[in-house]
Amino acid sequence: MPPSSSSQVPFKPRHPLPHLSSQTLLAFPTPQIILITLNRPASLNCISTSQHHELASIWDWMDNEPSIRCGIITGAGNRAFCAGADLKEWNESNNTGKRRSQPRSGFGGLSNRARGKKPIIAAVNGLCLGGGFEMVINADIVLASPTAVFGLPEVKVGVVALAGALPRLVRTVGRQRAMECALTGKQYRAEEMKVWGLVNEVVEDDYNDGANGERGREAQLRGEEYKGVAQRAVEIAETIAGNSPDSIMISKYGLELGWTGTGVEDGTANVMRVMRDEGIDGGENMREGVRAFVERRKANWVDSKL
């Protein structure tokens with residue numbers, strides 16, 4: 001999957017893209033989908049202090065850019081998605097007293113991100129450890145290659161998973177499994193994480209079913225090629241992007257209310273209030289969706305104003 005430069009945007013964005021270093025690459029498989037690649041394969045895609053802030057700015061840009069409907073994050077190479085923090089940088093900061101920082105949204109701008117408007121798919125293509133795993137725990141959909149390995153090894157090096165994973169892990173996999181994972185530092189294969197409910201789908205490395213389709217031909221013309229877990233992530237993102245953008249964002253909001261502990265009745269009332277206050281109920285996309293169904297045609301959605 002050759003990376004795209006952040007300047008190669010297949011549409012005119014309403015907001016300028018944030019400035020990025022070579023550590024972070026962007027591609028746009030379609031004008032509605034952004035694919036972020038952690039690009040430090042020689043360092044197992046460990047994330048440096050500066051890259052945390054780069055990634056946070058991209059997620060904020062995605063939420064504010066009307067044409068983007070879904071995001072994907074993956075790692076460069078085939079060894080690692082993200083093996084966590086840059087421990088060499090961490091050791092240097094310990095020796096020099098230089099303070100390391102993360103955005104409020106956590107590791108990679110994702111692990112502690114609250115109420116993001118648009119869905120994020122993690123395409124895990126190898127080692128997914130420490131902060132890398134913390135990001136995945138807070139992703140909306142998780143796909144993994146058969147060789148993916150997950151774990152929180154922080155306790156083995158005298159630190160703690162403080163970027164948002166611990167309370168979220170309990171809610172996703174339950175107390176006892178979360179305790180085992182966080183207190184032992186054990187590593188887990190993709191199939192086991194699927195059984196635990198943290199991985200949606202394990203994708204074979206040679207998966208490339210969509211390569212001969214319309215999107216596959218368009219990608220090849222742009223010099224891009226998506227295979228394996230990245231290919232499957234693009235397919236799912238395209239399915240999401242083909243639905244009403246208003247409905248996707250409101251549905252995600254309602255699901256997150258339940259996940260963060262809001263009661264069923266209060267959560268339902270909040271969703272209904274947002275639909276009313278934001279003009280979604282009876283709005284342009286809702287009318288278009290119903291009309292398209294009656295007329296037996298594909299709906300022509302407009303970008304959401306949420």
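Leu 25 stands opposite Thr 37 in strand S2, in a model that is predicted, with local features requiring pLDDT of at least 70, side-chain atom pairs counting only at pLDDT 80 or more, and totals for chains, interfaces and linings using all residues. Residues are numbered from 1 along each chain as its sequence is written, and side-chain values use heavy atoms, with hydrogens and water left out.

Strands S1 and S2 pair in the antiparallel sense over five bridges, where pairing requires that DSSP finds at least two bridges between two strands, and the two form a hairpin with two residues between them.

Together with helix H1 (residues 49-64), S2 and S3 make a right-handed β-α-β unit, meaning that, with the strands pointing away from the viewer, the path from the first strand over the helix to the second runs clockwise.

S3 (residues 70-75) is likewise largely enclosed by the rest of the structure, because six of its six residues are buried. In a regular strand the side chains alternate between the two faces of the sheet. Cys 70, Ile 72 and Thr 74 point one way from S3, whereas Gly 71, Ile 73 and Gly 75 point the other way, and all are buried. S3 also runs parallel to strand S5 (residues 120-124), to which three bridges join it, and in S5 the bridge partner of Ile 72 is Ile 121.

Turning to the whole protein, there are 11 helices and 10 strands, and of its 306 residues 50% count as buried. Among contacts between residues at least 6 apart in sequence, 67% join residues at least 24 apart, a contact being heavy atoms within 4.5 Å.

Conventions
Buried < 20%, exposed > 50% of the residue type's maximum accessible area, 1.4 Å probe, protein only. Helix = DSSP H or I, 4+ residues; strand = E, 2+ residues; numbered from the N terminus.
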